[in-house]
Amino acid sequence: MIFALCNEIKLRKTEIEDQEIIETIYFGGGTPSILEAPEVKFIIDTIYENYLVSDQAEITVEANPDDLTEAKITSLAKTQVNRLSIGIQSFFDDDLKMMNRAHNATEARHSLSLATQKFDNISIDLIYGVPGMSMERWKENLYIALESGVPHISSYALTVEPGTALSSFIKKGTMAPVKDELAQQHFEILIETLEKAGFENYEFSNFGKAGYYSKNNTAYWQGKNYIGIGPSAHSYNGNQRSWNVRNNSKYLKALQQNELPKEIEDLSVTDKYNEYIMTGLRTIWGVSLLKIESDFGIHYKKHILLLSKKHIDEGLLVLREDVLFVSKKGKFLSDGIASDLFFLN
């Protein structure tokens, strides 16, 4: 698989303009931390050999706490990797068991303690809206995270996917259902606690201290181009979306024949407009009316001005210097507000 990934990296370098510089490399999706450090380095070296990479490139590896042994962290620190994203989810066993996580609370704390000895730039994931999680338990999760000194936290509401153990437990009545009201209360505590600690909520689910915004996350939310490598990986170039085949054997077979196993979708002006609204309203950069007029046309600007008025009047949106922002009151509702502003053909 490693050689197939590297072959795809080589084959796709024509998609990058000659002077375009790679600002972020991200090992994510699935469990990339199962890769050994020499394998990670081999992939990174292949990227450097085929692309222009910034001297300040952010190179992140996602990892689960149970994968992060002292030896693993030490070996990763000797590669070009300069950022870890650790899927902590919770520092309490009850929550982790309910979410069917492979690690326990001790491993969560220990992995973070080890990681901070070798890496300065660390992000952790935390889950809120967990049934039965009290306000005190959620605050304690946040306090433990802050005590560790990590400069970035990504936090998501618990979602129930069909066919999962959690879904089955809820259907059987052995576990309480996920409630939006609880998630909103947790989210409000999240905002208040992290802002007091010097974090900025630069995107709905992402909080970073100054100089520690994720370059990878920021690029996505600002609509920059990206290339996804590997089975089922998605890519975006501003005008098209593409995605690789999900099946591993089909992926490997195509790359053995120097073929790219991907499908492509051309994006319409309306597709691009709707995507800009969805991503922009989730961020501190908001939605620029000037950009809408220049990129999509005056018709789209009139459309958003008309439909946003109700939300502005209700205090959910703020229009400041020709930029629309979600207010603090409307933040938890940002996705719903964005869908109200979509242009429907």
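Here is a quick look at one helix pairing and some aromatic contacts in this predicted model.

## Helices α1 and α2

Let's start with two helices that pack together: α1, residues 2-11, and α2, residues 37-50. Angles under 35 degrees count as roughly parallel, so that is how α1 runs relative to α2. The crossing is right-handed.

Who touches whom? On the α1 side you'll find Ile2, Phe3, Leu5, Cys6, Ile9 and Lys10, and these meet Glu39, Phe42, Ile43, Thr46, Ile47 and Asn50 of α2. Sorted by type, the residues of this contact come out as eight nonpolar, two polar and two charged.

The structure has 17 aromatic pairs. One of them is Tyr128 with Trp138, a tilted pair with 5.8 Å between centres and 50° between planes. Tyr128 belongs to strand β4 (residues 121-128) and Trp138 to helix α6 (residues 135-148), so the pair ties together parts ten residues apart in sequence.

## A partly exposed pair

Now for Tyr213 and Trp285. Their ring centres are 6.5 Å apart with the planes at 75°, so this pair is edge-to-face. Tyr213 lies in the loop between β7 and α9, and Trp285 in the loop between α11 and β11, so the pair links parts 72 residues apart in sequence.

Tyr213 is partly exposed at 24% relative accessible area, and Trp285 is partly exposed at 32%.

Key: Residues are numbered from 1 along each chain as its sequence is written. This is a predicted model: local features need pLDDT of at least 70, side-chain atom pairs count only at pLDDT 80 or more; totals for chains, interfaces and linings use all residues. Side-chain values use heavy atoms; hydrogens and water are left out. Axes are lines fitted to C-alpha atoms, for helices over the stretch in contact, and angles run from 0 to 180 degrees between N-to-C directions. Helices (H or I, at least four residues) and strands (E, at least two) are DSSP runs, numbered from the N terminus. Angles under 35 degrees count as roughly parallel, over 145 as roughly antiparallel, 65 to 115 as roughly perpendicular and the rest as oblique. A crossing is left-handed if the near helix is turned anticlockwise from the far one by less than a right angle, and right-handed if clockwise. Contact means heavy atoms within 4.5 Å. Ala, Val, Leu, Ile, Met, Phe, Trp, Tyr, Cys and Pro count as nonpolar, Asp, Glu, Lys and Arg as charged, and the others, Gly among them, as polar. Rings of Phe, Tyr and Trp (its six-membered ring) pair if their centres lie within 6.5 Å; planes under 30 degrees apart count as stacked, over 60 as edge-to-face and the rest as tilted. Buried means under 20% relative accessible area, exposed over 50%, partly exposed in between (1.4 Å probe, protein chains only).
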